[in-house]
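Please look at the sequence and the structure before reading on.

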Amino acid sequence: MDTTSFVPELGDLYLTMAVCGALIALMVYLGLRAGRQQHADPRRRVLLPMLAYFGGLLGLMAFLGAFWTTFKYPTVTIAPAEITIGDEVQPLPRLANVRLEAMGRGLTTGERVLLLQTRDRRNWAFPANRYDIQHMYTLIKAGQ
């Protein structure tokens, strides 16, 4: 068995960050533009920039949430006798500590997750929409 690396698929998070970045820039621009315009009603000169800045703040919160989520998914490398999760090298977990599970409720019961517990008693969950969990499971079984 050769060493195999599994890099999480994060394209949707990068797209979310790009869209939120564009939304933030647009809202700041609209807020500045609306604040400079003269209106007959002075309340409108205050309300429109405030709404635009609030929309920009919502975009910033979504951007930071997507950015923080990218750190939840480390690169996993499986070698014949060890598994590297992020920067931590561990011996391969025993097969009793590795499971493929269907997760979710209602309409989302088709979500599959690879659950494993390393020797240091840490639990890891690798979702199927980010990793090739079937191949990971096969490599861990082959290393036993």
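Between which two strands does the loop with Arg-121 lie? Arg-121 is found in the loop between strand E6 (111-117) and strand E7 (123-127).

## Basis of the report

This is a predicted model, in which local features need pLDDT of at least 70 and side-chain atom pairs count only at pLDDT 80 or more, while totals for chains, interfaces and linings use all residues. Residues are numbered from 1 along each chain as its sequence is written, and side-chain values use heavy atoms, with hydrogens and water left out.

## The chain as a whole

The protein chain has 3 helices and 7 strands. Helices (H or I, at least four residues) and strands (E, at least two) are DSSP runs, numbered from the N terminus. In sequence order, the pattern is β-α-α-β-β-β-β-β-β-α.

The radius of gyration, taken over C-alpha atoms, is 23 Å for the protein chain, whereas a compact globule of 144 residues would have a value near 15 Å. The globule rule behind that comparison is 2.2 Å times the number of residues to the power 0.38. Along its principal axes, the C-alpha trace spans about 75 × 35 × 25 Å.

## Surface, contacts and charges

Of the 144 residues, 33% count as buried. Buried means under 20% relative accessible area, exposed means over 50%, and partly exposed is in between (1.4 Å probe, protein chains only). The accessible surface of the protein chain comes to about 9400 Å², and 60% of this surface belongs to carbon and sulfur atoms. The areas come from the Shrake-Rupley method with a 1.4 Å probe; for residues, only the protein chains shown count as cover.

A contact means heavy atoms within 4.5 Å. Among contacts with a separation of 6 or more, 55% are between residues 24 or more positions apart.

## Aromatic pairs

A search of the whole structure finds 4 aromatic pairs. One of them is Phe-67 with Phe-71, an edge-to-face pair with 5.2 Å centre to centre and 90° between the planes. Rings of Phe, Tyr and Trp (its six-membered ring) pair if their centres lie within 6.5 Å; planes under 30 degrees apart count as stacked, over 60 as edge-to-face and the rest as tilted. Phe-67 is partly exposed, at 38% relative accessible area, and Phe-71 is exposed, at 57%.

Trp-124 and Phe-126 form a stacked pair, with 6.3 Å centre to centre and 0° between the planes. Both of these residues are buried. Elsewhere, ring pairs join Phe-67, Trp-68 and Phe-71 into a cluster.

Pro-49 sits in helix H2 (residues 42-69). Why does Pro-49 count as buried? Pro-49 is buried because its relative accessible area is 8%. Apart from neighbours within four places in sequence, Pro-49 contacts Gly-31, Ala-34, Gly-35 and Arg-44. Its C-alpha atom is 9.4 Å from that of Arg-36, 13 residues apart along the chain.

Tyr-131 belongs to the loop between E7 and helix H3 (133-142). Its relative accessibility is 4%, so Tyr-131 counts as buried. With neighbours within four places in sequence left aside, its contacts are Phe-6, Pro-8, Tyr-73, Pro-74, Val-76, Phe-126 and Met-136. Tyr-131 and Gly-55 are 76 residues apart along the chain, and their C-alpha atoms are separated by 33 Å.

Arg-121 is exposed, with a relative accessible area of 64%. Its phi is near 70°, a positive value in a residue other than glycine. Most residues other than glycine have a negative phi.

Asn-123 is in strand E7 and is exposed, at 61% relative accessible area. Not counting residues up to four places away in sequence, Asn-123 touches Leu-116 and Gln-117. Asp-87 lies in the loop between strand E3 (82-85) and strand E4 (88-91). Asp-87 is exposed, with a relative accessible area of 79%. The C-alpha atoms of Asp-87 and Thr-77, 10 residues apart along the chain, are 9.8 Å from each other.
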